[in-house]
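Let's walk through this protein together, one site at a time. Keep the picture in view as you read.

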Amino acid sequence: MDHDNDSYSNERSRNDLALRMIRHEARTCTIRECTGLTDDRIRRLYKSYAHELSEAPVRRRRGKSPRQVTFFVRNTRAQFESSLLAGAFAAFGLLYAITNQMPSEPPDALDYGRRFCDAYETHQQLLNTPTLSFEHAWFLLQLLNRSGDLRAVRCRHCDSYYLRDKFNLCRHTCPTCRLKRARVRRVRPRRPCSSSRAVMRD
Ligand SMILES: [Zn+2]
């Protein structure tokens, strides 16, 4: 009886996570990796439940998964947003590269998937207009934990952590400091032009 309850509970947990990921328009391969469900089961979940979960239609992502490292540092805003998401990964214990604590055993896939959804949803709530898709966020975590192409460094000026791409020399400075400088430039009053100074002297 207990065995039946456990297997029912496990099946329910896997379905719940799959549906949560479907809401975020995750790819089938990503859902399979976290839940262990078959492609056919995931397809049936899409068909049976997707339209009941949200008023907005849920799209199934097709085509190639994100592959470009430079996507995360392509401009100041993207670099800042990716850096914030990396902070959320660290807060939910997903970022082994920063803590230098690689788990001795592979993490439980279901638990890993749930914590990933927690981190992604928290990040979405913190930003007014988040632009990173679920699949880009998933790719970012793989990049941070498995390759040295993108890594978190600490800014000497503001002490914040930000992501730096080892290939792109243009994005080697801190996005937080760049955003601060841009804001100061926007709010600083314009200096009077020479003609108006002449008027004032008169
Ligand atoms: Zn800085």
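Cys 158 counts as partly exposed, because its relative accessibility is 22% and that class lies between buried (under 20% relative accessible area) and exposed (over 50%), using a 1.4 Å probe and protein chains only. Cys 174, in contrast, is buried at 5%. This is a predicted model, where local features need pLDDT of at least 70 and side-chain atom pairs count only at pLDDT 80 or more, while totals for chains, interfaces and linings use all residues. Residues are numbered from 1 along each chain as its sequence is written, and side-chain values use heavy atoms, leaving out hydrogens and water.

What coordinates the zinc ion? The SG atoms of Cys 155, Cys 158, Cys 174 and Cys 177 do, at 2.2 to 2.4 Å; donors are N, O and S atoms within 2.8 Å of the metal (3.2 Å for Na, K and Ca). Along the sequence, the donor residues follow the spacing C-x2-C-x15-C-x2-C.

Now turn to the nonpolar cores, which are sets of buried Ala, Val, Leu, Ile, Met, Phe, Trp, Tyr and Cys residues joined through side-chain atoms within 4.5 Å. The largest has 39 residues, and Met 21 and Phe 89 are among those touching the most other members. Its largest share, eight residues, comes from α7. Apart from it lies another core of five residues, including Cys 155, Tyr 162, Cys 174 and Cys 177.

Conventions
Helix = DSSP H or I, 4+ residues; strand = E, 2+ residues; numbered from the N terminus.
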